[in-house]
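Hi there,

Here is the structure I promised to pass on to you. Have a look at it first, and then read my notes below.

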Amino acid sequence: MAKVLRAHGIALCCDTLLWIAVWAVPLLSASSGSVSLVWLWTFRFFSWVALHLISLMTVDRTVQPVLKRWIAVQCLIFPVFESVKLLMSGTFGSASSVPGPEMVVLGTVSSSVACVLWEWALLKTGWASGDKSKEQKKQEARALLMRVVCYSREDYFHLGAAFLFLILAALCETFIPYCVGRVTDVLTAEYQHSSFTWAIGLMMLVSLGSSLFSGLRGGMFMCSLCRLNKRIRHKLFQNLLQQEINFFEENKPGSLTSRLVSDTDKMGRSVAMNVNVLIRSLVKTLGMLTLMLRLSWHLTTLTCVEMPILALLQNTYNTYSQRLSAKLQDCIAQCEQLAASTIKSMRTVRSSNATGQEQRRYEEALAKKLEVQTQKGIYSAVHLLLRRFVNVGLRILMLTKGRELISTGELSIGSLLAFVLYQKDMVSNMRQLLYIYGDMLSTVSSAVKVFQFLDRRPRLREAGEMAPERLEGKLTFDRVSFAYPSCPEKKALKSVCLELKPGKMTALVGPSGGGKSSVVSLLERFYEPQEGEVLLDREPLYRYQNQYIRSKMALVSQDPVLFSGSVRHNIEYGLQDCTMEKVEQAARRANAHEFICQLPNGYDTDVGECGGQLSAGQKQCITIARAIVRNPQILILDEATSCMDVNTQLAIQGVLSGSAGQTVLVVAHRLQTVEKADHIIYMEDGVVMEQGTHQQLMDRAGRYYRLREKLFTDQQDQYI
Ligand SMILES: Nc1ncnc2c1ncn2[C@@H]1O[C@H](COP(=O)(O)OP(=O)(O)OP(=O)(O)O)[C@@H](O)[C@H]1O
């Protein structure tokens, strides 16, 4: 604050010196003290250059932006005032007097007050407290808004047309009260038919124009908003799909869909809606101000008093409202997330008897949301009350002054009526101008979240370009250590060495949490190992194209995932030009053909949301068929048969053994399933403890043997 005052003092002294020089010249030469308008503008332009340079040389960098704004206002105030004065008096072009010391003092006070109000009430840039982070945030917010504007560039035609209609509509609207005043004056004076027709015709014309252009403006803005929303959502969804698996573990589906739906919408509105209101209000305010000044400068001044008071009120309200808006958004996202996760896991919720608990959690989240909403409502009500109070008070003052001006003949009744109409409109426009600032900042918080996701690059090493025509299918883990990003201190795999040979079936066994699924995740490149390499045909996996790996590898995971749509769609999912013959063949091998034929529409039967119409075992059969139809070089089955009955398991034994040259990895808890494997790897606590054939491991009488024995004694050799 002290720095600002000092800087202001220096600039003020320099400006006063310049004025003294101007006053001294006519005194010395005893001239009249009249100058042309051009001279005044030129003088203040050079004053601006001089003060600007002095501020650059003498003033601290942090206060320069504030000072620059003050210098600009200080240098503009006199030439603008003189120009308007001459324009109003109709003597534009004639000589103007050099402002005297009292005028300079008045101008300086006015420009200083305006700047203080602007900096404090409207911008609140934090210069007073030297708060740099606030200024930084504000700059970021502006940069974000500019980014949103850049995204709207493609809609230049729609936006251009919309702005044109907007300006035309605003101009027509501005003229309506003026026309009403004219009609009133015609009616209160001696009746003249031609004047009346002319005034009424003009009023009809501007009213019609206003309605027509407003409609066109609304349509064009809506159209560009929809187009922008579509583009941003598409881009965001595209980027979300590129993210690594860990991203989806960190960000829950509820909050992601909220970003995709409501935040993108809010962000789009910041341009289409706010800029719409901003320009309309700006054009109308300027137009009305000109017409109001023509009617009465006394009443215009009274109207303008309302603005800084409202600015102060609005600014205080904005500060609280922004904070609460951010809080409310979080609460909404939390409620959505809670509801979505409960509905999605309904079976688990019911079977765990957790309905009551989920209800309570949802109720708590709703209560929190309600609390924030109530707080927001109270702030809004108090703000509204104070605003109305100011409004009514000034209206009374204005009418009293208006009556006085009519009695002295300075104002006609029609002009007072036009003025009252303008004043109402003017205040609402100014309010909108002030609101827009808070609204834009609140949309910026949505834009921040959307851009965070739009800019996010997947935290996975970029895939290479390798896509060899022939692939052997040999997979090797070379001293691989790995910890999940969400739990970096706990290693899921510890220096694991293993090999999956082409044409062989390898089984991964071991107790829960041993690291089997982690091996599968690394093979699928869902994660990157922190140490060691995963090799495919002796080349690191990351050197291959992702598409290529996915086309050569098929995974059937623990939880069968089906999409709403036909059985056929679920089997050929992601494939193009897959024939019905191939689909049927794969279904037969996966032992799914029979039950599919019994479904009401066979292969065309809709499996329902997430395959809800099918049993867990049937779902697994379909996901196995989905893997087989791809004829992959490497087939990974992670607990793929856990829900099947013994007969189905035996029926698909052929799939588990793999076709000629196929590399098969089976992760299983049922040791019976893996007995026929060519190679068995026993993992525990992220370490490969034993490996060999079933017979070798049994002869060794180690962990594998003990695990099997335990299962026998517990008579649970079906499940671990
Ligand atoms: N997404 C994850 N984030 C953090 N830690 C994980 C994650 N998934 C697994 N883990 C941890 O990694 C370790 C190995 O888990 P993994 O799922 O690979 O074992 P598993 O042998 O497949 O178990 P199961 O047979 O029960 O499926 C466990 O300690 C587990 O808690």
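Let me start with the ligand. The residues of the shell around it divide into 3 nonpolar, 8 polar and 2 charged. The shell has 13 residues, and the closest to the ligand are Tyr484, Ala492, Ser512, Ser517 and Ser518.

Residues are numbered from 1 along each chain as its sequence is written.

Which element gives the most to the shell around the ligand? That is helix 14 (residues 516-523), with 3 residues. Helices (H or I, at least four residues) and strands (E, at least two) are DSSP runs, numbered from the N terminus. Helix 14 is largely enclosed by the rest of the structure, because 7 of its 8 residues are buried. Those buried residues are Lys516, Ser518, Val519, Val520, Ser521, Leu522 and Leu523. Here a residue is buried if 20 or more other C-beta atoms lie within 10 Å of its own, exposed if 12 or fewer, and partly exposed in between, with C-beta atoms placed from the backbone. After helix 14 comes Arg525, whose phi is positive, near 60°.

Now for confidence. pLDDT is the predictor's confidence in each residue, from 0 to 100. The mean pLDDT of the protein is 80, and 87% of its residues reach 70 or more. Where pLDDT is low, the predicted coordinates should not be read in detail. For the complex, the predictor gives an ipTM of 0.96 and a pTM of 0.59.

Next, the overall build. The protein comes to 24 helices and 12 strands, and 31% of its 720 residues count as buried. Of the contacts between residues at least 6 apart in sequence, 79% join residues at least 24 apart. Two residues are in contact if their C-beta atoms, placed from the backbone, lie within 7 Å.

The UniProt record (an unreviewed entry) places the feature "transmembrane region" at residues 7-26, 38-59, 156-176 and 196-225. Such annotations may be inferred rather than shown by experiment. In the model, residues 156-176 are 100% helix, and their end C-alpha atoms lie 30 Å apart. Residues 196-225 are also 100% helix, with end C-alpha atoms 43 Å apart.

The largest nonpolar core has 62 residues, and those with the most contacts inside it are Ala507, Ala625, Ile636, Val666 and Ile680. A nonpolar core is a set of buried Ala, Val, Leu, Ile, Met, Phe, Trp, Tyr and Cys residues joined through C-beta atoms within 7 Å. Helix 19 (residues 616-628) gives the most to this core, with 6 residues.

- Met292 lies in helix 9 (residues 253-295). Is Met292 buried or exposed? Met292 is buried, because 23 other C-beta atoms lie within 10 Å. Met292 and Phe419 are 127 residues apart along the chain, yet their C-alpha atoms are separated by 6.6 Å.
- Lys494 lies in strand 4 (residues 491-500). With 16 C-beta neighbours inside 10 Å, Lys494 counts as partly exposed. Leaving aside neighbours within four places in sequence, Lys494 is in contact with Ser481, Gly686 and Val687.
- Asn591 has a phi near 60°, a positive value in a residue other than glycine. Asn591 sits in the loop between helix 17 (580-589) and helix 18 (593-598).
- Asp685 has a positive phi too, near 50°, and its place is in the loop between strand 11 (679-684) and strand 12 (687-692).

Enjoy exploring!

Terms used
This is a predicted model: local features need pLDDT of at least 70, side-chain atom pairs count only at pLDDT 80 or more; totals for chains, interfaces and linings use all residues. A residue is near a molecule or strand if its C-beta atom, placed from the backbone, lies within 6 Å of it. Ala, Val, Leu, Ile, Met, Phe, Trp, Tyr, Cys and Pro count as nonpolar, Asp, Glu, Lys and Arg as charged, and the others, Gly among them, as polar.
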